[in-house]
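Subject: Structure for your review

Dear colleague,

Please find below the structure that I am handing over to you, followed by an account of what was found in it.

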Amino acid sequence: MSKLSFSGHDSFQCRNLWLKKGYEFVIYDKDFNADEAVIELGVGKNMVTAIRYWMRSFGLMDDDGGLTKLSSMILDDDGFDPYLEDIGSLWLLHYHLVKEGKASIYNLFFNRFRKQRVEFTKKQFKDYLVNHTEILGESHSPNTIETDVGVFLKSYAPERSKGRKYLEDQYSSLLMDLNLVRVLDAEVTSDKETRETRYAVRNERRDSLPLEVFLFTILDNPKFGKSISLPKLMNDPNSPGVVFALDGDSIVDMIKSIVRERDDLVYKDDAGLRELQILKDIDKFQVIEEYYNDRG
């Protein structure tokens with residue numbers, strides 16, 4: 001298992017146009033470390049580093065600096081959604097952000113921490129991460145982890161505050177429209193003086209999650225095989241239930257909807273055993289192409 005990583009973004013959450021900028025930068029064989037990268041990307045020096053970080057974290061650029069199939073499918077000028085205007089693209093990017101594990105905090109939050117706490121404060125999440133790294137015997141600065149928690153929260157749910165910076169964060173955070181992380185009221189801490197903002201990620205129906213993206217994540221999981229039980233779809237690492245915070249009824253409804261439209265999938269509900277069966281090999285990227293093509 002690779003070492004956890006809690007830095008690289010220079011405190012910037014991914015902005016709306018950064019991935020398109022990063023894609024075109026790589027297409028033209030540019031160097032993120034070059035002095036002229038600031039001018040060519042049209043951002044500050046620290047933001048250049050952040051763009052490269054997010055390209056890798058979202059699975060759009062591999063460890064060798066090359067572009068992945070996913071990035072070309074979506075972000076190319078002739079791609080399906082180069083400016084990320086489709087909510088399905090955001091769900092797909094969110095899935096890869098969690099699954100890839102390049103930005104450890106996203107994988108740890110959805111696959112581990114959220115199973116312990118549905119509602120949480122920034123401090124509770126930070127304390128969990130610090131403790132987790134200590135258990136693994138890894139050395140990470142608590143301040144670095146705290147910064148990463150702040151970027152995580154700004155990516156999905158900027159804090160309620162006033163001012164220009166708040167508005168910039170609210171409208172420039174790429175994953176805000178997913179409505180995964182809800183901001184709750186404040187919580188009084190043990191000293192009865194400090195108040196902390198509480199957040200929640202509850203298992204529920206996700207009406208904006210496309211069936212094709214849901215199916216893609218199932219086909220993309222090498223541990224699932226051809227027969228996947230409902231508990232696995234709900235609870236296994238990087239499963240749709242975990243990554244998208246879905247409840248069991250929603251998963252069943254989505255499976256039934258998919259099965260009605262395809263002859264290569266079957267849903268079984270026999271003697272209390274509920275499972276999705278894949279009858280033949282399905283090209284996961286073809287599923288995504290079908291989604292975008294149907295959108296016109």
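Which residues in α10 are buried? They are Glu212, Val213, Phe214, Leu215, Phe216, Thr217, Ile218 and Leu219. Helix α10 spans residues 211-219 and is mostly covered, with 8 of its 9 residues buried. Before going further, please bear in mind that this is a predicted model.

**Strand pairing**

Strand β5 (residues 265-270) and strand β6 (residues 273-278) run antiparallel and are joined by 6 bridges. Within this pairing, aspartate 270 has leucine 273 in β6 as its bridge partner. The hairpin formed by β5 and β6 has 2 residues between the strands, and alanine 271 takes a positive phi near 50° there.

Strand β6 also pairs with strand β4 (residues 227-229), in the antiparallel sense and over 3 bridges. In that pairing, isoleucine 228 stands opposite leucine 276 in β6.

**Salt bridges**

How many salt bridges does the model contain? The count comes to 19. Three of them are described here.

The side chains of aspartate 86 and arginine 295 meet in a salt bridge, at 3.1 Å from N to O. Aspartate 86 lies in the loop between α4 (69-75) and α5 (87-100), and arginine 295 lies in helix α14 (residues 284-295), so the pair ties together parts that are 209 residues apart in sequence.

Glutamate 204 forms a salt bridge with arginine 182, and the closest N and O atoms are 2.8 Å apart. This pair links distant parts of the chain: glutamate 204 is in the loop between β3 (195-200) and α10, while arginine 182 is in strand β2 (residues 182-188), 22 residues apart. Glutamate 204 counts as partly exposed at 21% relative accessibility, and arginine 182 counts as partly exposed at 39%.

Salt bridges that share partners join Lys99, Glu100, Asp220 and Lys284 into one network. Within this group, the side chains of lysine 99 and glutamate 100 meet in a salt bridge of 3.5 Å, N to O. Lysine 99 is partly exposed, at 25% relative accessibility, and glutamate 100 is partly exposed as well, with a relative accessible area of 30%.

**A patch of charge on the surface**

Which residues gather in a patch of negative charge on the surface? They are Asp29, Asp31, Asp35 and Glu36. Aspartate 31 has its place in the loop between α1 (18-27) and α2 (37-41). With 42% relative accessibility, aspartate 31 counts as partly exposed.

**A buried histidine**

Histidine 96 lies in helix α5. Its relative accessible area is 6%, so histidine 96 is buried. In sequence, histidine 96 and valine 243 are 147 residues apart, yet in space they are 9.5 Å apart, C-alpha to C-alpha.

**Positive phi values**

By way of background, most residues other than glycine have a negative phi.

The place of asparagine 179 is in the loop between α9 (164-172) and β2. Asparagine 179 is partly exposed, with a relative accessible area of 44%.

To follow this account in the model, you could begin with helix α10, where 8 of 9 residues are buried, and then turn to β6, which pairs with β5 and with β4.

Yours sincerely,
A colleague

Methods:
Residues are numbered from 1 along each chain as its sequence is written. This is a predicted model: local features need pLDDT of at least 70, side-chain atom pairs count only at pLDDT 80 or more; totals for chains, interfaces and linings use all residues. Side-chain values use heavy atoms; hydrogens and water are left out. Two strands pair if DSSP finds at least two bridges between them. Helices (H or I, at least four residues) and strands (E, at least two) are DSSP runs, numbered from the N terminus. Patches are made of residues with over 30% relative accessible area and no salt bridge: like charges are joined within 9 Å, nonpolar side chains (Val, Leu, Ile, Met, Phe, Trp, Tyr) within 5 Å. Accessible areas come from the Shrake-Rupley method with a 1.4 Å probe; for residues, only the protein chains shown count as cover. A salt bridge is a side-chain nitrogen of Lys or Arg within 4 Å of a carboxyl oxygen of Asp or Glu. Lys and Arg count as positive and Asp and Glu as negative; His and the chain ends are not counted. The place of a charge is taken as NZ of Lys, CZ of Arg, CG of Asp or CD of Glu. Buried means under 20% relative accessible area, exposed over 50%, partly exposed in between (1.4 Å probe, protein chains only).
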